[in-house]
Amino acid sequence: MKQKITSTSSSVYFLKNNIVKKVFKNQNIETKFKSEIFCLKKLSKYNIVPKLLKVDKKNNAIYLENVGERINKKNIPKNWKFQLNKILKIFYKEGIQHRDLKLDEVLVKKGQIKIVDFGAAKILNKNKKNQ
């Protein structure tokens, strides 16, 4: 494992072959784990979140593609406002409130912005059909 980032609710490990492992821990594990998986699957068709590679329910872990590093002055895309606006519109359309969106959750790779960490997300229209 290359690097580990730990928060109160999870640990993130950067593995070989461009793979990231996220292990959920502590309070509300089941809720956060399910929310993360649901949002990643629902948003995957838009290419705005990491690809979910594997779910390990036994160990409360998910494996994701590595989608870059935190946004900063050196890697911010020229069209960052357009990309973030598009992403927020998709969240609205799909009925997802991230509820923890901050710079740490905005990653960039090759000029493409992707959003991570949906453990605190709220699903607004889970049963509503999209137009």
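Here is a short tour of the model, one selection at a time.

Before you click, note that this is a predicted model, where local features need pLDDT of at least 70, side-chain atom pairs count only at pLDDT 80 or more, and totals for chains, interfaces and linings use all residues. Residues are numbered from 1 along each chain as its sequence is written, and side-chain values use heavy atoms, with hydrogens and water left out.

**Stop 1: helix α2.** Select residues 80–94, which make up α2. Helices here are DSSP runs of H or I with at least four residues, strands are E runs of at least two, and both are numbered from the N terminus.

Now colour Q83, L84, I87, I90, F91 and E94, the buried residues of α2. Buried means under 20% relative accessible area, exposed over 50%, and partly exposed in between, with a 1.4 Å probe and protein chains only. Look down the axis: these buried residues fall within an arc of 120°, so they line one face of the helix. That arc is taken from the directions from the helix axis to the C-beta atoms. An α-helix has 3.6 residues a turn, so residues three or four places apart point the same way.

Just past the helix, G95 has a positive phi of about 70°.

**Stop 2: what α2 packs against.** Show α1 (29–43), β7 (96–97), β8 (106–109) and β9; the buried residues of α2 pack against them. Contact means heavy atoms within 4.5 Å.

**Stop 3: the aromatic pairs.** A search of the whole structure turns up two. Rings of Phe, Tyr and Trp (its six-membered ring) pair if their centres lie within 6.5 Å; planes under 30 degrees apart are stacked, over 60 edge-to-face, and the rest tilted. Pick F24 and F33: they sit edge-to-face, 5.3 Å centre to centre with 80° between the planes. Both F24 and F33 are buried.

Then pick F91 and F118, edge-to-face at 5.7 Å centre to centre, again with 80° between the planes. F91 is in α2 and F118 in the loop between β9 (112–115) and β10 (122–123), 27 residues apart.

**Stop 4: L43.** Leaving aside neighbours within four places in sequence, L43 is in contact with I48, V49, I90, F91, E94, I96 and F118.
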